[in-house]
Amino acid sequence: MDVLDFVTKDLNPPQKDAVVTLDGPVLILAGAGSGKTRVLTHRMAHIIGQGVASADEILCVTFTNKAAKEMEHRCYKILADMGARIHSQLWINTFHSFCVRILRQHITMLDYKPFFGIYDSSDTLSQIKKVMTALDINDKMYPAKNFQSRISQAKMLGLTPEGLEKSSKRLMDQKTVEVYKAYESEMRKANSLDFDDLLMKTYELFRMYPDLLKMYQEKFKYIMVDEYQDTNHIQYLLVQMLAKAHRNLCVVGDEDQSIYSWRGADIKNILDFEKDFPEAKIIKLEENYRSTANIVNAATAVIKNNTERKDKTLFTSNDAGDKIQVREEKNEYDEARFVAKNIQTMMNEGEGTYNDYAVFYRTNAQSRVLEEQLRTLAIPYRLVGGVRFYERMEIKDILSYMKLAINPADDIALKRIINVPARGIGKTTIEKIEEFASKRNISMFEAASKACEERIFNAGTTGKIRRFIELMEELQGSAVSFPKLSQYYAIVLDRSEYLLNLKKDESPEAQARIENLEELDNAIAQFEKERGDEATIRSFLEEMALVSDVDTLNQEQNSVTLMTLHISKGLEYPYVFVVGMEENLFPSSRSLDNDGEEDVEEERRLAYVGMTRARKKLWLTFTKMRRVWGQEQMNPPSRFIQEIPQELKDFKTAAEGPRFINRYGSSSYDTDESSYASPRWGSLSSDRNKARQPSFDDAQDFPDYENEGSSKAAFSKGMRVRHPTFGAGTIYATEGTGENFKVSVMFTDNTVKKFVVKYARLERI
DNA sequence: ACCGGCTCATTTTTT
DNA sequence: ATGAGCCGGT
C-alpha cells in the first residue's frame with residue numbers, strides 16, 4: 001500500500017482533505033470529537049512518508065505536555081505501522097518547550113548565561129515582592145499579584161517594559177512599568193526566565209537576529225498548531241514569524257472550545273485566520289464520532305446561541321442514545337448524593353468501570369461535597385487539578401537546593417532554603433544579606449560569602465552562614481562528580497538534612513511530605529529510565545518546571561474522575577455529570593456582571609466543552625439552594641439547560657416547593673423522590689549534551705549565514721548603525737572580543753539592545 | 001526565632 | 001466556611 005492510501009484509509013472526506021492538503025495555509029475547524037488528533041498525526045505521517053520533509057523539518061505545537069506526548073506517541077505509531085524510517089527527532093512540543101529548545105542553544109545571544117533557570121509563578125511572585133521591597137512600593141496599596149498579572153499580560157502581548165511604557169499612560173501602569181523594569185533586571189541577574197519570558201525572549205531573539213530566524217524559517221517546512229483558538233498574542237506572533245518563509249501553516253482549532261481568554265488566549269487569532277492568510281484553505285471537521293446524537297444535538301443547540309463563531313455545525317451518525325438527564329435537587333449535598341447513588345447503581349448493573357465516570361464542576365470549591373458523598377458510598381475517586389505535585393513545599397524546597405547548586409545566582413532559590421531546615425539564619429540576617437548583595441550588585445550567595453569574610457555578622461551568625469555556604473559548595477561539587485541524577489537526589493536529601501528533619505517530626509503532615517519526596521524519587525527513576533544518558537540534573541529541573549503533574553505519570557487506579565470543566569477539555573468519558581448548573585455559578589456571576597455578552601459566551605463554550613466530553617450519557621444537575629461562602633443562595637437553573645431543546649432532555653426534580661418548571665415548560669417531573677427521600681447522612685549535564693546537539697555554529701544547511709556579519713568591520717562606541725528590525729541607532733558600549741564581541745545599541749526610540757556582533761546584521765551608516 | 005491568632009479573599013489553569 | 005498569609009506578641 002502506498003503512503004497516500006495508508007494515511008487516508010478510514011478517514012471521511014474532509015479528514016482526508018486535511019491530511020492530503022500539505023502546501024499553503026490551512027485552517028482546520030475541528031468540532032469536538034471529530035478526530036482532530038488523528039488528522040494531525042496522519043498529516044505528519046503523510047509529509048514524512050512522502051519524503052516532502054523530514055521529521056525535524058516539521059514543527060508541531062500543542063498547549064499541554066499531555067497533548068504533545070499523546071501526539072508524539074500516535075505519530076510514532078503510525079509511522080511504524082507504515083514502515084517509515086525516521087532519521088531525526090520529531091519537533092512535537094508545547095509552545096514553552098519549543099522555546100526552551102531554541103533558547104537552550106542561542107540564549108547567549110541575548111546576553112544570558114547558557115544554563116538559565118525557569119521560574120514558575122510562585123517564584124515569579126517572590127521575585128516581584130523582592131523587587132517591590134527594593135523600590136519601596138507598598139504591598140498593601142499595590143498587591144504584588146496585580147503586578148504579576150500585569151507584567152504577564154504585557155509579556156503575552158509581546159511588550160517589553162519600554163514597549164509597555166509607550167503603549168499606555170495610565171497611572172497604575174507607570175508603577176507597573178517601574179516594577180517590570182526592575183523585575184527584568186533582577187531576572188537577568190538571576191539568569192532566569194519566567195514562563196512568559198520563554199516565549200517573549202524567543203520572539204526577541206528572532207527579531208534581533210533575522211538570520212537566525214531565517215534559518216528556522218527555512219528549517220521548518222511545515223508548521224502545525226493545535227488548539228489554535230487558545231493562542232495568545234505572543235504565540236501568534238511567533239507562529240506568524242516562523243511560517244513566513246514557506247507559508248505552510250496548518251492550524252487546528254475550534255472557536256467553540258476557546259475557554260482561556262482570561263489567561264490571554266485571543267479567539268480573534270482563529271476567527272481572523274483567513275484575513276492573515278487570504279489564500280487559506282478552510283476545512284471543517286463536523287462529524288462527531290464520540291457522542292450519542294442526543295448529546296451532540298443538545299450541545300449544538302447550546303452553542304448556537306453564541307454570536308462569535310464560525311459557521312460550523314456538529315453532526316453525528318451515532319444512535320440517539322438516552323436523553324440528557326436534567327435533575328433538580330434541594331441542595332448541594334443532595335446533588336452530590338444523587339451523583340454518587342447513580343454511579344453506584346449503574347456500577348451495580350455492570351455499566352463499565354469507575355474510570356468511565358466523570359463529574360465536572362465550575363469551581364474547585366464544589367469538589368468537597370462530592371468527595372464526601374463518594375467516600376460515604378465507598379466509591380473510589382480521584383481529584384484532578386488542585387495543588388500540583390511540583391508546587392508542594394517539600395518538592396520545591398529540594399528542587400531549590402538543586403537549582404541553587406547549579407545556578408548560584410538564583411536568589412529566590414537561596415531565600416527559600418537558606419533556613420530550611422532551620423539553621424538559625426533568621427529573617428533579619430537574610431534581609432541584611434539581601435541588602436548587602438544589592439549594594440554590591442552581586443548575588444546573595446556571593447554576598448553571604450563576602451559578608452562572612454568581612455565580618456559583617458557576629459561570630460555565631462557567621463558560623464551558621466559559613467556552614468550553609470559549605471553545604472552548598474559541597475552540593476555544587478557533587479553535582480559534577482555524581483552525574484547520576486538519582487544519586488545526586490539522595491545526596492541532597494541527606495546532606496541538607498532535610499529528610500532527617502522530617503523524620504524527627506512525627507506529625508502526619510511530615511509523613512505526607514516524606515511520601516511526596518519518595519514520590520519524587522520514583523519520578524526521578526522514571527525520568528532516568530525514559531531519558532537514559534540525558535537525564536541530567538539540568539534536564540530534570542527543566543522537566544519539573546515545564547511538566548505539570550507527576551501524579552498523572554504513575555497511578556492507574558480504577559476511579560471516578562472529579563475535575564473542573566476547564567480541565568475536562570480534550571478528554572472524554574462514557575458517563576458525565578455536570579453539577580451546579582445554576583445562574584451565577586455557571587455561568588459564573590462574574591461573567592454576568594459586565595453586561596458584555598462576550599463573557600457569557602465564554603461560559604457557554606465551557607458548557608459546550610463539558611457536554612461534548614460525554615460519550616453515552618450526560619447528567620446536568622442544579623440545586624434550589626446552595627451554600628456559597630457560608631451564605632445560602634437560591635439561583636435559577638442555568639440558561640444553558642434551558643437552551644437545550646425540550647425533546648432532548650428528561651427533567652426530574654427531587655426538590656419540593658415552587659419549581660422552576662415553567663421556565664422549562666416541561667410537564668414531566670415525576671419526581672422519583674422515593675429513593676432520595678432518606679434523611680441526610682452524616683457529614684461528611686551540560687557538556688555531554690552540548691556535544692550531541694548540533695549547535696548553531698555547525699548549521700551546515702546555511703553556509704552563507706555563518707559567514708555573514710562575522711567578519712564585518714569592527715564596531716566601536718559612538719558609531720551609527722542600522723539593524724534590519726529595529727532601524728537606526730548608536731553604539732554606546734562594547735564588550736568581549738572575537739566571537740563574543742557584543743555591542744549595546746540605543747535605538748531612536750530609546751530602547752537598548754545588546755547584540756552579539758557575529759550574528760547580528762548590523763550595518764554601519 | 002517561633003507560634004498563634006487575625007484578616008482577607010474566594011472562577012477557571014498551563015507552562 | 002475555609003484556608004492562606006501576615007503581623008505582632010512571647
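Author: Helices here are DSSP runs of H or I with at least four residues, strands are runs of E with at least two, and both are numbered from the N terminus. The model is predicted, so local features need pLDDT of at least 70 and side-chain atom pairs pLDDT 80 or more, while totals for chains, interfaces and linings use all residues, and side-chain values use heavy atoms, without hydrogens or water. Residues are numbered from 1 along each chain as its sequence is written, with chains lettered from A and ligands numbered from 1 in the order in which they are written.

Reader: Where is Pro587 placed?

Author: The peptide bond from Phe586 to Pro587 is cis, with omega near 10 degrees. As for its place, Pro587 sits in the loop between strand 13 and helix 28 (589-593).

Reader: Which peptide bond is cis with omega near -5 degrees?

Author: Most peptide bonds are trans. The proline concerned, Pro421, is in the loop between helix 19 (411-417) and helix 20 (427-440). The cis bond with omega near -5 degrees runs from Val420 to Pro421.

Reader: Is Asn584 buried or partly exposed?

Author: Asn584 has a positive phi of about 75 degrees although it is not a glycine. Its place is the loop between strand 13 and helix 28. Buried means under 20% relative accessible area, exposed over 50% and partly exposed in between (1.4 Å probe, protein chains only). At 34% relative accessibility, Asn584 is therefore partly exposed.

Reader: What is the relative accessibility of Asn750?

Author: Asn750, not a glycine, also has a positive phi, of about 75 degrees. This asparagine is found in the loop between strand 20 (742-747) and strand 21 (752-756). Asn750 counts as exposed because its relative accessibility is 54%.

Reader: In what order do the 7 strands of the open sheet stand?

Author: Two strands pair if DSSP finds at least two bridges between them. In this open sheet the pairing is parallel, and the strand order is 11-12-10-13-14-9-17.

Reader: How many residues of strand 9 are buried?

Author: Strand 9 (residues 324-329) is mostly covered. Ile324, Val326 and Glu328 point one way, Gln325, Arg327 and Glu329 point the other way, and all are buried. The count for strand 9 is 6 of 6.

Reader: What is the bridge partner of Tyr357 in strand 13?

Author: Strand 10 (residues 357-361) and strand 13 (residues 573-578) run parallel and are joined by 4 bridges. The partner of Tyr357 is Tyr575.

Reader: How many residues surround DNA strand B?

Author: A residue is near a strand if one of its heavy atoms lies within 4 Å of it. The closest to DNA strand B are Arg362, Arg388, Gly426, Thr564 and Arg590, and the total is 27. Of the atoms of DNA strand B that come within 4 Å of the protein, sugar and phosphate account for 52%. By class (Ala, Val, Leu, Ile, Met, Phe, Trp, Tyr, Cys and Pro nonpolar; Asp, Glu, Lys and Arg charged; the others, Gly among them, polar), the surface near DNA strand B has 5 charged, 12 polar and 10 nonpolar residues, within a total of 27.

Reader: Which residue has a polar backbone atom 3.4 Å from a phosphate oxygen of DNA strand B?

Author: A polar contact is a pair of N or O atoms within 3.5 Å; within protein, one must be able to donate a hydrogen and the other to accept it, and residues adjacent in sequence count only if both atoms are side-chain atoms. Base oxygens of DNA strand B lie 3.5 Å from a polar side-chain atom of His96 and 3.4 Å from one of Trp262. The backbone contact to a phosphate oxygen comes from Lys427.

Reader: How far is the sulfur of Cys99 from the closest cysteine sulfur?

Author: A disulfide is a pair of cysteine sulfur atoms within 2.5 Å, and a search of the whole structure finds 0. Cys99 is buried at 0% relative accessibility. Its closest cysteine sulfur, in Cys60, is too far for a bond, at 14 Å.
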